[in-house]
Number of protein chains: 2
Amino acid sequence: MSGSLREQFEIDLKAIDDTLVEMTRLVGSAMNRATTALLDADLVIAESVIAADEQVDALHHDLEERALVLIARMAPVATDLRALIAALRMSADLERMGDLARHVAKLARLRYPRSAVPAELRSDVLHMGQVAEQLVVKTGSIIASRDLKAAEELESEDDEMDQLHRGLFAKLVDPTWTHGVETAVDITLAGRYYERYGDHAVAVARRVVFLVTGDHLAAHGESSSNS
Amino acid sequence: MSGSLREQFEIDLKAIDDTLVEMTRLVGSAMNRATTALLDADLVIAESVIAADEQVDALHHDLEERALVLIARMAPVATDLRALIAALRMSADLERMGDLARHVAKLARLRYPRSAVPAELRSDVLHMGQVAEQLVVKTGSIIASRDLKAAEELESEDDEMDQLHRGLFAKLVDPTWTHGVETAVDITLAGRYYERYGDHAVAVARRVVFLVTGDHLAAHGESSSNS
């Protein structure tokens, strides 16, 4: 690749990273607002989250096209190729995170005008929403700055998400549960959406780690879910 | 690309398709056996499904490496490049289907020695397992033969899965439900695993349709899940 081609290629790669970071912002905001909609039975917010997911999908498809065109035109060397393939996968993870935020918003809409979350579980769900947001903000800065330290912290924050998830389940199946089966089903699904959202955030971070360190095992380790 | 290079490339592409078909067989067998383990509380089968998922993961990683090496070495033209990128995505979908079968098997293991499925829901779960198997068998033949007619049938079979899923939920939240919250939570998760398994099978089929017809919308349509 000639010097000026290389320069243009670096600019294109950077633009793809910028899109990924933008996607973390959008799906972070989506999950944040979906949590509010779920807790406060806010139909307007729920509808706006559901509608806004189109934007994430559009960014995902646009990024796919750009990455494919770059691969086809530039025939990049192994390292650059891996970066582009990783970007395709990160984009798919982020697109799925948008879907999961939309699922939470749909749950809010389904139970409107009441909240799907009983009062005593509000703080658990709020906490899961907060951890989800921390995860995705961190994922964004890992993409932007290749910050491996943040990637480690993110793993332990995802452990916190898994603990919250298990704690939520424990409350559902406790003999003192008084909110009936429908609410238990809703909370089971909501818990699963938050947990999967966290898994995808970790998957994105691991792909960045893999690009930087070549540690394939770290990149492919699965965030365990024992459900 | 020279004639003999082209010939070798076709052989390599075909080998990748063969691996994808092999993966459909493995994840089909895994979900089939996981359903048996779940219904019959069979711990031996559950453990074997959980252990066998490694094989699917290994095929997935091997396929990824081969596709990346092909892209890097052959600098394929747009159509071939799209086929390879699609193969990477199909492999990721199939790997996830293996995870979902493993999740069903883990649910069987968690509730052993009793079955997680109450007697009156056995036929629903069995039916979901059967549809899952039909879907994945059809997905395999769509990959192998580019059979677009089968791809259409698969969409309607996935609709059947979605209906079964909704029917299962309706039974859980019916006032006559007598099996308690823990069982409702288990069935909610199991239902979600089967439904997502079907979604991924459809996603794989749509990628094949996209490769053959270039119909991007069909390839990117999301199998709706209203939960």
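Which helices do the buried residues of H4(A) pack against? They pack against helix H1 (3-40), helix H5 (148-172) and helix H6 (180-213) of chain A. This is a predicted model, in which local features need pLDDT of at least 70 and side-chain atom pairs count only at pLDDT 80 or more, while totals for chains, interfaces and linings use all residues. Residues are numbered from 1 along each chain as its sequence is written, and chains are lettered from A and ligands numbered from 1 in the order in which they are written.

Helix H4 of chain A covers residues 122-145; helices (H or I, at least four residues) and strands (E, at least two) are DSSP runs, numbered from the N terminus. From first C-alpha to last, H4(A) reaches 34 Å, close to the 34 Å expected at 1.5 Å a residue for its 24 residues. The expected span is 1.5 Å times one less than the number of residues. Among the buried residues of H4(A) are A:Val125, A:Met128, A:Gly129 and A:Ala132. A residue is buried if 20 or more other C-beta atoms, placed from the backbone, lie within 10 Å of its own, exposed if 12 or fewer, and partly exposed in between. Just after H4(A), A:Arg146 takes a positive phi of about 50 degrees.

The next helix, H5(A), has 25 residues that should span 36 Å at 1.5 Å a residue, and its end C-alpha atoms are 37 Å apart, which agrees. Its buried residues include A:Leu154, A:Asp158 and A:His165. The buried residues of H5(A) pack against H4 and H6 of chain A, together with H6 of chain B.

That brings in the other chain. In total, 26 residues of chain B are in contact with 26 residues of chain A, where contact means that C-beta atoms placed from the backbone lie within 7 Å. Helices H2 (43-74), H3 (78-111), H5 (148-172) and H6 (180-213) of chain B each supply at least two residues of the side that touches chain A.

Key
Contact = placed C-beta atoms within 7 Å.
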